[in-house]
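Here's a quick tour of a protein model, written for someone just getting started. Keep the 3D view open and click along as you read.

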Amino acid sequence: MPEYSLQKTSAGASIAKFRELGLLVFILLLCVGVQLRNPSFLTLENINDMVTNTAILSILAVGMMLVIVTRGIDLSIGATLALSGMISAMTVSAYPDTHPLLAILLGTAVGIVSGMIIGLLVSKAGILPIIATLGMMNAFRGMTFMVSGGKWVSAHQMPDSFKAIATSSIFGLNTLIVIAIVIYLIFFYFTTYTRTGRQIYAVGSNPDSAKISGINNDKILWLVYTIMGGLSGLAGVLWVSKFASAQGDTASGYELSVIAACVLGGVSIAGGSGKISGIILGSILLGILNNALPLINVSPFWQMGIQGSIILIAVVINALVKRGVDQSNLMRRRI
């Protein structure tokens, strides 16, 4: 059995590397094709805008990866983002002297509390993730309209220090990009080198075996949804700062783009597999599509169709690869 597990792990790692390499090649070919159609695509200014616009998506993709790895899903992240962003925007509007860092901490705290609630519903109450997060999505969205009274917080109501969160630079890089890089480094270390990070994958791979081996499945589930909530709260502050506007319907439907980035990056919807490097590539690919298609004058209707087709192809490829790996492992298994 240990030899079988080793073979399975080795095969899975090889497939993941091959899939990421293929995705990288596709991204490079796509960039070359778009550049030939529009020479302004690979300009420094456009690349900076494209990466900056992708930063928030990539931050959320980290949390969603952890949730999906445990065989879950979180449909509430757009609503959590809107709620945390609205509360932060209203706070800095009422108290203009609020330090930007405090606004970030406030929004993150709102997201953590939201994630903890969902985590309890999934881990302790045993509610299916899709049902729990769908219900809380509507609850959080309603709370956003309640705390704001149905009104917007616009740019002129926000202090310049708050809006500077998304426009300032650190070491020559936009602050959003720097925050995204830091998030990725932290969670790369967390998932690769910590015991809890490995337990997350164990729970997603085989919950029953994980429980027998002494892993507290409920604790792990609660943790990943709390992390997802915290990252959603952080993203809410960054979103409102970037667009200088807080609305009740902010980021409506954005959770689908985040899930798409994870799927494109090779995260298995069946749970148990997914890599930080993969979701980076998935996020970049979505960012390129969102930026490139308008530049080559593709109709907005076709844009949605093209993105949907690429996501569907990625899902099919992931399914075929997984089936091939499973069959190969069965053939190698020694009884």
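Is Met143 buried, partly exposed or exposed? Met143 is partly exposed, because its relative accessible area is 38%, and that falls between the 20% and 50% cut-offs. Bear in mind that you're looking at a predicted model.

- Ala139 counts as partly exposed, because its relative accessibility is 31%.
- Met143 and Gln307 have 164 residues of sequence separation, with 32 Å from C-alpha to C-alpha.

**Where H3 meets H4**
- Helix H3 (residues 77-94) and helix H4 (residues 100-123) have axes that come within 9 Å and cross at roughly 145°.
- If you're wondering about the handedness, this crossing of H3 and H4 is right-handed.
- On the H3 side, the residues in contact are Thr80, Leu83, Ser84, Ile87, Ser88, Thr91 and Val92.
- Their partners in H4 are Ala103, Leu106, Gly107, Val110, Gly111 and Ser114.
- Sorted by class, the contact of H3 with H4 has 6 nonpolar and 7 polar residues, with no charged ones.

**A look at Ser88**
- Ser88 sits in helix H3, and it counts as buried because its relative accessibility is 1%, under the 20% cut-off.
- What does Ser88 touch, not counting residues up to four places away in sequence? The answer is Ala103, Leu106, Gly107 and Val237.

**The second largest pocket**
- This pocket holds about 410 Å³ of space.
- Its lining has 21 residues, and the closest to the centre are Leu57, Tyr254, Ser257, Leu286 and Asn290.
- The elements giving two or more residues to the lining are H2, H10, helix H11 (254-264), helix H12 (276-295) and helix H13 (300-332).
- Which element gives the largest share of the lining of the second largest pocket? That's H2, with 5 residues.
- By class, the lining residues split into 11 nonpolar, 9 polar and 1 charged.

**What covers helix H8**
- Helix H8 runs over residues 195-205, and its buried residues are Gly197, Gln199, Ile200, Tyr201, Val203 and Gly204.
- The cover over those buried residues includes helix H2 (44-69), helix H7 (175-193), helix H9 (207-212) and helix H10 (217-243).

**Two loop residues with positive phi**
- Ala244 lies in the loop between H10 and H11, and its phi is near 50°, a positive value in a residue other than glycine.
- Ala244 counts as buried, because its relative accessibility is 17%.
- Asn297 is in the loop between H12 and H13, with phi near 60°, again positive in a residue other than glycine.
- Is Asn297 buried or exposed? Asn297 is exposed, because its relative accessible area is 70%, over the 50% cut-off.

Notes: Residues are numbered from 1 along each chain as its sequence is written. This is a predicted model: local features need pLDDT of at least 70, side-chain atom pairs count only at pLDDT 80 or more; totals for chains, interfaces and linings use all residues. Side-chain values use heavy atoms; hydrogens and water are left out. Buried means under 20% relative accessible area, exposed over 50%, partly exposed in between (1.4 Å probe, protein chains only). Helices (H or I, at least four residues) and strands (E, at least two) are DSSP runs, numbered from the N terminus. Contact means heavy atoms within 4.5 Å. Axes are lines fitted to C-alpha atoms, for helices over the stretch in contact, and angles run from 0 to 180 degrees between N-to-C directions. A crossing is left-handed if the near helix is turned anticlockwise from the far one by less than a right angle, and right-handed if clockwise. Ala, Val, Leu, Ile, Met, Phe, Trp, Tyr, Cys and Pro count as nonpolar, Asp, Glu, Lys and Arg as charged, and the others, Gly among them, as polar. On a 1 Å grid over the protein atoms alone, a cavity is a set of points where a 1.4 Å probe fits but cannot get out, and a pocket is an open set with protein on both sides within 12 Å along at least five of seven lines; lining residues have an atom within 4 Å of a point. Grid points are joined across faces, edges and corners, and a volume is the space filled by probe spheres set on the points.
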